[in-house]
Amino acid sequence: MDPDALAKAFVEHYYRTFDTNRAGLGNLYQEGSMLTFEGAKTQGAQAIVAKLTSLPFQQCQHNVTTVDCQPSGPAGGMLVFVSGSLQLLGEQHPLKFSQVYTPTPPLPL
Amino acid sequence: MDPDAVAKAFVEHYYRTFDSNRAGLANLYQDGSMLTFEGAKTQGAQAIAAKLASLPFQQCMHNISTVDCQPSGPAGGMVVFVSGSLQLAGEQHPLKFSQMFHLMPTPQGTFYVLNDIFRLNYA
């Protein structure tokens, strides 16, 4: 699959899951995964999901404006760079955000 | 050296070079390096330096607001995520931007930029 299409599909899946079933994000991380959210660092799928489900808002909607991706080295990983806005329920104005992901092929079993 | 300190030092060096000697940025990239600048893709140190030198502004100043970094992969790489503002000479208001670097270590103990993605954040 074309890398740009893959990145776009990943991003759409990620934010759809975030916005409708936040606990489901756990499937997208592994033990070695790292999240830095507004400067706060967390590691491992469980801790990351706990962090994301503990954020001080219930309903939200991400609107993605740009998705850029590049291959990230010999192991087949990708870098995905997103910008967009986040509308929180009850807030008048959406928040602008940027986010970087490194989707990596799963480890062979 | 502490990774956060390494990332901060690299970022300061990158933007100081950008703002005072843009051609000098070529030393921070190699043949396999990739830049995506506002959606336009370029590869290789020479082409990247040419792209950056051809941007439609002469004098500029980057002001960094945040620097986040994480280790990336078994080869000692780092992902560095920067947000800040860019003041162009003659423009009244600074532009907000975000930029992501994927740094890889060199045998000499420095880092080069393997991946670079830049986006302005419009209001």
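Two strands are taken as paired if DSSP finds at least two bridges between them. By that rule, chain A of this predicted model holds an open sheet of 3 strands, in the order S3-S4-S5 with antiparallel pairing. Chain B holds an open sheet of 6 strands with mixed pairing. Chain A and chain B touch each other, with 20 residues of chain A in contact with 24 residues of chain B.

**The sheet of chain A**

- S3 and S5 of chain A are the edge strands; each has a single partner strand, so one side of each has no neighbour in the sheet.
- On average, neighbouring strands of this sheet are turned by 20° against each other, direction ignored.
- The antiparallel pairing of S4(A) with S5(A) runs over 7 bridges.
- Within this pairing, Val82(A) stands opposite Gln99(A) in S5(A), and Ser85(A) has Lys96(A) in S5(A) as its bridge partner.
- S4(A) and S5(A) form a hairpin, with 6 residues between them. Gly90(A), in the turn, has a positive phi of about 90°.

**The helix on the sheet of chain A**

- Helix H1 of chain A, residues 3–20, packs on the sheet and touches S3, S4 and S5 of chain A.
- The direction of helix H1 makes about 155° with that of S3(A).

**The sheet of chain B**

- The strand order in chain B is S2-S1-S6-S5-S4-S3.
- S2 and S3 of chain B stand at the edges with a single partner strand each, so one side of each is left without a neighbour in the sheet.
- From one strand to the next, the twist averages 15°.
- Strand S1 (residues 29–37) and strand S6 (residues 111–120) of chain B run parallel and are joined by 5 bridges. Met34(B) stands opposite Asn115(B) in S6(B).

**The helices on the sheet of chain B**

- Helix H1 of chain B, residues 3–20, lies across S1, S3, S4, S5 and S6 of chain B and runs at about 150° to S3(B).
- Helix H2 of chain B, residues 45–53, packs on the sheet and touches S1 and S2 of chain B. The direction of helix H2 makes about 35° with that of S1(B).

**The interface of chain A and chain B**

- About 1800 Å² of area is buried between chain A and chain B, and carbon and sulfur atoms give 58% of this.
- Across the interface, 10 residue pairs are in polar contact.
- On chain A, the side that touches chain B draws at least two residues from each of strand S1 (34–37), strand S3 (60–71), strand S4 (78–88) and strand S5 (95–101).
- The residues of that side of chain A divide into 6 nonpolar, 10 polar and 4 charged.

**Salt bridges**

- The whole structure has 5 salt bridges over all chains, and the count between chain A and chain B is 3.
- One salt bridge joins Asp4(A) to Lys41(B), with the closest N and O atoms 2.9 Å apart.
- This pair crosses between chains, from helix H1 of chain A to strand S2 (residues 40–43) of chain B.

**Gln70(B)**

- Gln70(B) is found in strand S3 of chain B, residues 60–72.
- Leaving aside neighbours within four places in sequence, Gln70(B) is in contact with Met34(A), Leu35(A) and Thr36(A), and in its own chain with Gly77(B), Met78(B) and Val79(B).
- The side chain of Gln70(B) reaches the backbone oxygen of Met34(A) at 3.5 Å.
- The C-alpha atoms of Gln70(B) and Val80(B) are separated by 6.8 Å, and these residues are 10 residues apart along the chain.

Methods
Residues are numbered from 1 along each chain as its sequence is written. Chains are lettered from A and ligands numbered from 1 in the order in which they are written. This is a predicted model: local features need pLDDT of at least 70, side-chain atom pairs count only at pLDDT 80 or more; totals for chains, interfaces and linings use all residues. Side-chain values use heavy atoms; hydrogens and water are left out. Contact means heavy atoms within 4.5 Å. Buried area is the accessible area (1.4 Å probe) that two parts lose on being put together, summed over both. A salt bridge is a side-chain nitrogen of Lys or Arg within 4 Å of a carboxyl oxygen of Asp or Glu. A polar contact is a pair of N or O atoms within 3.5 Å; within protein, one must be able to donate a hydrogen and the other to accept it, and residues adjacent in sequence count only if both atoms are side-chain atoms. Helices (H or I, at least four residues) and strands (E, at least two) are DSSP runs, numbered from the N terminus. Ala, Val, Leu, Ile, Met, Phe, Trp, Tyr, Cys and Pro count as nonpolar, Asp, Glu, Lys and Arg as charged, and the others, Gly among them, as polar. Axes are lines fitted to C-alpha atoms, for helices over the stretch in contact, and angles run from 0 to 180 degrees between N-to-C directions.
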